[in-house]
Amino acid sequence: MEKFPLGVILESFRTDYLTALNNAQKLGVTGVQAYATDGELSPSFLTGEKKKRFIHELQSRNLRISALVGDFGISFSDVQRNQILIAKSKQILELAKELGTDIVTTHVGTIPADETSDIYKIMQEACFELSEYANQLD
């Protein structure tokens, strides 16, 4: 198995995920990356039979998840908001493992250059918590 499969972001096809999987297969890629923050491939939607069907659809096309996108488009710079963002990010990390990938991409916002700033520390703590959680999923 390839360590880093060549893949495309499903949403770049601007269609439903089944058609996007067909398009990815036609391109000859081995992997696909998908947004997991909301919609039909989010942890809150992709449960039970829906998850089994998605995995079946991937496998039937000889595709695999190369990565999940966990970018909410919101900075991890607010302690209160981070409680929600971190909880949702943990669900995405769990889904990634269930779908067979160890790669989740995200953006935490613009990191201050000043390492002593409060925002820098807040962002660093969020990243540390998520990295610790991801490590224990192995």
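Good morning, colleagues. Please keep in mind throughout that the structure before you is a predicted model.

Let me begin with the layout. Read from the N terminus, its elements follow the order β-α-β-α-β-α-β-α. Along the principal axes, the C-alpha atoms occupy a box of roughly 50 × 30 × 30 Å.

I turn now to helix packing. Two packed helices are described by the angle between their axes and the distance between the axes.

The pair I shall take up here is α1, residues 17-27, and α2, residues 48-60. Their axes come within 10 Å and cross at roughly 20°. Angles under 35 degrees count as roughly parallel, and α1 and α2 are therefore roughly parallel to each other. The crossing of α1 past α2 is right-handed. On the α1 side, the contact is formed by Y17, L18, L21 and Q25, while α2 contributes R53, F54, E57, L58 and S60. Sorted by class, this contact comprises five nonpolar, two polar and two charged residues.

Next, consider α3, residues 79-98, and α4, residues 118-136. The axes of these helices come within 10 Å and cross at roughly 25°, which makes α3 roughly parallel to α4. Here too I note the handedness: α3 passes α4 in a right-handed crossing. Which residues of α3 and α4 meet? From α3 they are V79, N82, I86, S89, K90, L93 and E94, and from α4 they are I122, A126, E129, L130, Y133 and A134. In terms of class, the contact of α3 with α4 has eight nonpolar, two polar and three charged residues.

My final topic is empty space. Rolling a probe the size of a water molecule over the atoms shows where such space is left.

The most is given by α3, with five residues. By class, the lining has eight nonpolar, six polar and three charged residues.

Thank you for your attention.

Notes:
Residues numbered from 1 in each chain as written. Predicted model: local features only at pLDDT ≥ 70, side-chain atom pairs only at ≥ 80, totals over all residues. Heavy atoms only, no water. Axes fitted to C-alpha atoms, helices over the stretch in contact; angles between N-to-C directions. Helix = DSSP H or I, 4+ residues; strand = E, 2+ residues; numbered from the N terminus. Parallel < 35°, antiparallel > 145°, perpendicular 65-115°, else oblique. Left-handed = near helix turned anticlockwise from the far one by under 90°. Contact = heavy atoms within 4.5 Å. Nonpolar A, V, L, I, M, F, W, Y, C, P; charged D, E, K, R; others polar.
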